[in-house]
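The following exercises concern a single protein chain. Each task is followed by a solution in steps.

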Amino acid sequence: MRDFERKDAENLYRITREKNISRFMPDWSENSNSPEAYWGYIDWHQTQKDSKNIYENKRYAIALPNTDEMIGMVGMGLEDTLNEVEVAYFMSEKYQRNGYTRDAINALVDWCFKVSDIKYLILTIDSANIPSCNLAEKCGFELFEKRIPIGHVQPNMESDSYFYYRKYRKLT
C-alpha cells in the first residue's frame, strides 16, 4: 500500500473499467475518459498524503511488492449521507483472491485506529456484491444490518439495498 502517483493513471483507468468495478463503483470511471483525466485526482491526493485526519478522503494504491505496479485501491473518508468514516476498496480482477486487498484493508484500519480515537469504521456494500461482503467479514467487519435507503438513491448501488458493516476498535 502506498500513495498514488501519476504513473498509476493508466492502470487506474483500466481497472476502473473492469466489469465488477464499473458495476459496483461506477463513479470511478464516469468522468474520466482517459488515463490523464486521473492526474488531477492523483495530484490532489499527493497534497493530502501527510494528513492524519481520517475524516478526509484518502485513497492509496495497492501495489505489487516486487514491481510496484498498481493493482487496486484502498481508502477511507467521511461517508456524507451517514456521517461516519467509511472504508472503500477495489482490486483488479486479475489479482483478486490473493490476499492483497485483505492486507491493505487491515493495514488501513490499523492506521485509522492508531492515529485517531474513532470507535469504529464502516463499510457499505451493495447487497448484490457477495464477494465484497465475504472479504469484509475476513477483515473482521461485522454485519450490523441490511439497509434500504428511503427518500434518496444510494450512490454506487446496483440493488435497492446495502449491507452496513462495522469494525470496532479493540479495547486494550
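**Exercise 1.** Determine how the residues of the lining of the largest cavity divide into nonpolar, polar and charged.

*Solution.* The lining holds two nonpolar, four polar and four charged residues. In this scheme Ala, Val, Leu, Ile, Met, Phe, Trp, Tyr, Cys and Pro count as nonpolar, Asp, Glu, Lys and Arg as charged, and the others, Gly among them, as polar. The residues concerned are D3, F4, H45, Q46, Q48, K49, N57, K58, R59 and Y60. At least two lining residues come from each of α4 (39-48) and β2 (58-63). The space inside is about 50 Å³, and a search of the whole structure finds one cavity of 30 Å³ or more.

A cavity is a set of points on a 1 Å grid over the protein atoms alone where a 1.4 Å probe fits but cannot get out; lining residues have an atom within 4 Å of a point. Points are joined across faces, edges and corners, and the volume is the space filled by probe spheres set on them.

The model is predicted: local features need pLDDT of at least 70, side-chain atom pairs count only at pLDDT 80 or more, and totals for chains, interfaces and linings use all residues. Residues are numbered from 1 along each chain as its sequence is written, and side-chain values use heavy atoms, with hydrogens and water left out.

**Exercise 2.** Is P131 buried or exposed, and is S132 buried or exposed?

*Solution.* First, locate both residues: P131 is found in helix α6 (residues 130-138), and S132 also has its place in helix α6. Helices (H or I, at least four residues) and strands (E, at least two) are DSSP runs, numbered from the N terminus.

Next, apply the cut-offs: buried means under 20% relative accessible area, exposed over 50%, and partly exposed in between (1.4 Å probe, protein chains only). P131 counts as exposed because its relative accessibility is 56%. S132, with 12%, is therefore buried.

Finally, consider the surroundings. Beyond its neighbours within four places in sequence, S132 is in contact (heavy atoms within 4.5 Å) with Y89 and I125. The C-alpha atom of P131 lies 9.7 Å from that of R97, 34 residues apart along the chain.

**Exercise 3.** Why does the radius of gyration of the chain agree with that of a compact globule?

*Solution.* The rule for a globule is 2.2 Å times the number of residues to the power 0.38, with the radius taken over C-alpha atoms. For 172 residues a compact globule would have a radius near 16 Å; the chain has 15 Å, so the two agree. Buried residues make up 48% of the 172 residues.

Methods
1 Å grid on protein atoms, 1.4 Å probe; cavity = no way out; pocket = protein on both sides within 12 Å on 5 of 7 lines; lining within 4 Å.
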